[in-house]
Each structure stands twice: as structure tokens, then as C-alpha cells.
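Take a look at the model below. We will start at one spot and then step back to the whole.

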Amino acid sequence: MKEWLAQRPWKRAAPWLVFLGPLFYATYGLANWWATTRAQVPSMAFEWERQLPFWAWTIFPYWTINVFYALSLFLARSKHTLDRHALRLVSATLIACTCFVLWPLHFSFGQPAVEGAPAFLFNALRGFDQPYNQAPSLHIALAVILWDWYRQFVRAAWARLVLHVWAFAICASVLTTWQHHFIDIPTGALLGVFCVWLWPLARTVSMRRAWQCTRDAQRLKLAGFYAAGAALILAAALYGGGVWLWLAWPAASLALVALNYIGLGARGFQMNSCGRMGWAARWLFAPYRLGAAVNAWLWTHKLPASVEVVPGLRLGRLPTTAEWIAAGKPRLVSLCAELQTTAGVPHARCVPILDLTVPPTVRLQRAAAVIEGQRLNPEGAPVWVCCALGFSRSAAAVIAWLGRYGSAGGLAQAEDTVRLARPQIVLRPAWRVSLEPLATTVPGAPPHD
């Protein structure tokens, strides 16, 4: 027991719990009070929700979230993960309660009388809860955060199944206890996933610290386009109502893409060095990623997946599994920030760059070094350099490699070599400015034909 306590920052967890408890009750209670002062508080419910059963016994899984909430803080293995987890809980509480104040909603069905053991828990809940504080459901947001937290401690398949069932029961109970309308569930889940994305548990820069407001005119222009798209789609969702409300998801996705272009950069997509996203980023950006994948297919489906630029070095779009196998299972180098490399491909590397933007020279230098590292693999496997289309980011990376490690001849000759192999490449003058400092071949680098 002493060894267990020594390995966990429980002395730091206790102050966090002392802070989080009053924070929840103060902000949640304030939002409830604010709603009671309004002359009219609207409700947002679908007619089919009246057919949902009221199961009093589901108040038990509903309340278990309190236990898992408090216990979670004392399970942290490090101060870093404890602080990130606590900040997720703080963010979810503050964002949700802000939403409750800005657009209060109320639950429009009256709960039936409850008897027996569940009655005690229902009465305790009504002691501080009112039929307000609806969308986004803070209960759902916290369930998502806690589910992600407890996953790291669960390894056995049966235990993971229990965790998934528990999380589902907590989420479903908000409907079967008649505490929330359906619209509160997806909005609460979106808030929970956002908080997981905002504060990653891994020792990476949080999104708050990653922010660096850009002055790049191209990035600001693209950010404006995505922000406008998000606003239009959200307006369509609110105007259409009903099933059209699902458009709020792609609207949120495009809004986050706009933030990436304004200040978060490629880090906002949370692509790791192997070209794979964290699960929260995958879900948040799923609508945008689907659009990007369709766009890539429309532009490239009639073109070869890749072409050989020089022996052992290929350039093209992100390959499918079948295309990767057909090419001889090459080492992948992706320059894509928004689309993942194929799952299960070993030794893949990624230097993420925002689409339609020109990175600084140091980023292209890094890409060239990664290509060279992949090219020197012990198996002698070919290297496939790719991005969404294989037209700009990956083409510039190959030109950087040729200029840095390839045969002498300058960047103009390197670009001619790449363009001869793939005539569709698109390089604006800004790309050449960023590439120019890489024109000098690394001393001692072997020549390549």
C-alpha cells in the first residue's frame, strides 16, 4: 500500500478534488438559478422521445458517475496526467455551464412518482438539480472524459467490456431517468471529446499552449473560408431543425479547422510521428476528413497512385492498403496533417503540414531528413512520399530531399525531375522561396541517380 501511494501523486489529487467539488456545485447551481429567473425557458425535444420508458432503477448507474469522478483523481500515475485530467473536468464544467447561461433549456416531461430504493437517489438529485441545464449534457461530457481516463488502467478484454457497458449505461440513464432530452446527448458527447482533445494525456503540447496566431495571409484566408462554412452549416442546422441538427457536428469540425489555420497549426490535428491521430481528433475532425478524402479521390482516382521519381523513391497520394502492397510495401513518409496513413503499415513516418499552406524552410528540411532516414532502411525497401493528392506538400518534400541529399544540379533541376515524373504537381512561388535555402547538398551524402 505504501508503495502504491508513493507511485501516485495523491497529495496533489486531494486539493484538485477539493477545488472541483465546489466548482461544480457553484457553477451548476448558478446556471440553475439563472434559468429560474427567466420569464420563459424553451425546450428542445423530439416527439418520439415521449415513447421512451421511465426506468427508475437506472438512477443507480446514473449516480455511479459521482464515485468514478472522485476516484479518478487518485488513480493518476503522474502529476502531468493528473493535471491534464483535472483540466478536462474543469473545462467541461465551465463550458457546459456557460452554455446553460447563454441559452437555458428545460426538460419538458414531468417525472412520475418513484418509490422504494430509487426514491432516495431521486430525492437527493432533486435537492440541487432543477429541470434546466440541458444541452450540452454535462453528465454525458463527464462520462466521455472518465471513460477515456479509465481506459488506460484496463487491459483485459473482459474488463474493457465492463467499462464500455458501464459508460453506455451512464449515458443511456439520462434518458431513462427522464433527466435529459435526446439533443443533450450528442452535444454533451461533443463537449467531452473536445475536452479530451484540448488536454491530451500524453506528454505533448496542449492545444492552449500550441496556439501561435499567424500572420500568414494564405492561412488567414483559408481560416476565413472554413469559419464561413462552419457558420453557414450551423445556420442550416438551426433553421432546418430535426435531423438537420446533426449538421452541427460538421459545423464544429470546420470551426476547429479554422482555428488550426489561425493559430494551432498542424498540431491541432494531433497527428503523431507515425501518421495516426488520437481518437478524439479523429472524431472531432471526422466530417472534415471525410470531405478531404472525397476531394482527394476526385482529383486523383484517374491517376496512378504513385510514380517513381528516382530509383527507390516514389511520389504520390496516400495509398490504400492494396496500393501499398502492390508497390512492394515501401516505407511511407506522409506530409499530411488531416488524413491518416493506412492502419497497420509498419515504419510509417509523418511530418504534418497544413493543406494549401507553405511551411517554413526548417519544416521542409525536417521532411527531407525523414525521407533520407527512411531511404536508408536495412531492408532496402523503396520509399513512398505522399500527401492527400501528391501535388504540393509531398512534391516539395521530394524536391527538398533531392536538393539536400540528391545529386548536384540545384532546385530547378530537382523540380524538373519531379515534374517529369508527376506533371500534375503544383508549386506556387512561395514554395520555391521556402525551398531555396535547401539547395546545398549535404557534405558527404552519396549521389543518387
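Helix H8 is the place to begin. With eight residues, H8 gives the most to the lining of the largest pocket. Keep in mind that this is a predicted model.

Now look at the pocket itself. The volume of the largest pocket is about 1700 Å³. Its lining is made up of 48 residues. Which of them lie nearest its centre? They are Pro186, Thr187, Ala189, Leu190 and Leu191. The elements that give two or more residues are H4, H6 (138–151), H7 (157–176), H8 (184–198), H10 (217–240), H11 (248–264) and H12 (279–284).

H4 leads us to the next stop. Find the loop between helix H4 (79–102) and helix H5 (117–126), and you will find Pro112 in that loop. Is Pro112 buried, exposed or partly exposed? Pro112 has a relative accessible area of 34%, so it counts as partly exposed. The band for that label lies between 20% and 50%. Pro112 also has partners from elsewhere in the chain. Leaving aside neighbours within four places in sequence, Pro112 is in contact with Phe54, Arg126 and Trp178. Gly406 is another matter. Pro112 and Gly406 are 294 residues apart in sequence, and their C-alpha atoms are 77 Å apart in space.

Next, turn to Trp63. Trp63 sits in helix H3, which covers residues 59–72. What does Trp63 touch, not counting residues up to four places away in sequence? The list is Leu121, Ala124, Leu125 and Phe128. Trp63 and Ala26 are 37 residues apart along the chain, and 19 Å separates their C-alpha atoms.

Now step back to the whole protein. It has 18 helices and five strands. Its C-alpha atoms fill a box of roughly 85 × 60 × 40 Å along the principal axes. The protein has 449 residues, and 49% of them are buried.

Finish with the surface and the charges. The accessible surface of the protein comes to about 21700 Å². Carbon and sulfur atoms hold 66% of that surface. The protein carries 39 positive and 19 negative charges.

How values were computed: Residues numbered from 1 in each chain as written. Predicted model: local features only at pLDDT ≥ 70, side-chain atom pairs only at ≥ 80, totals over all residues. Heavy atoms only, no water. Helix = DSSP H or I, 4+ residues; strand = E, 2+ residues; numbered from the N terminus. Buried < 20%, exposed > 50% of the residue type's maximum accessible area, 1.4 Å probe, protein only. Areas by Shrake-Rupley, 256 points an atom, 1.4 Å probe, with all protein chains shown as cover. Lys, Arg positive; Asp, Glu negative; His and termini not counted. Charge placed at Lys NZ, Arg CZ, Asp CG, Glu CD. Contact = heavy atoms within 4.5 Å. 1 Å grid on protein atoms, 1.4 Å probe; cavity = no way out; pocket = protein on both sides within 12 Å on 5 of 7 lines; lining within 4 Å. Points joined across faces, edges and corners; volume = space filled by probe spheres on them.
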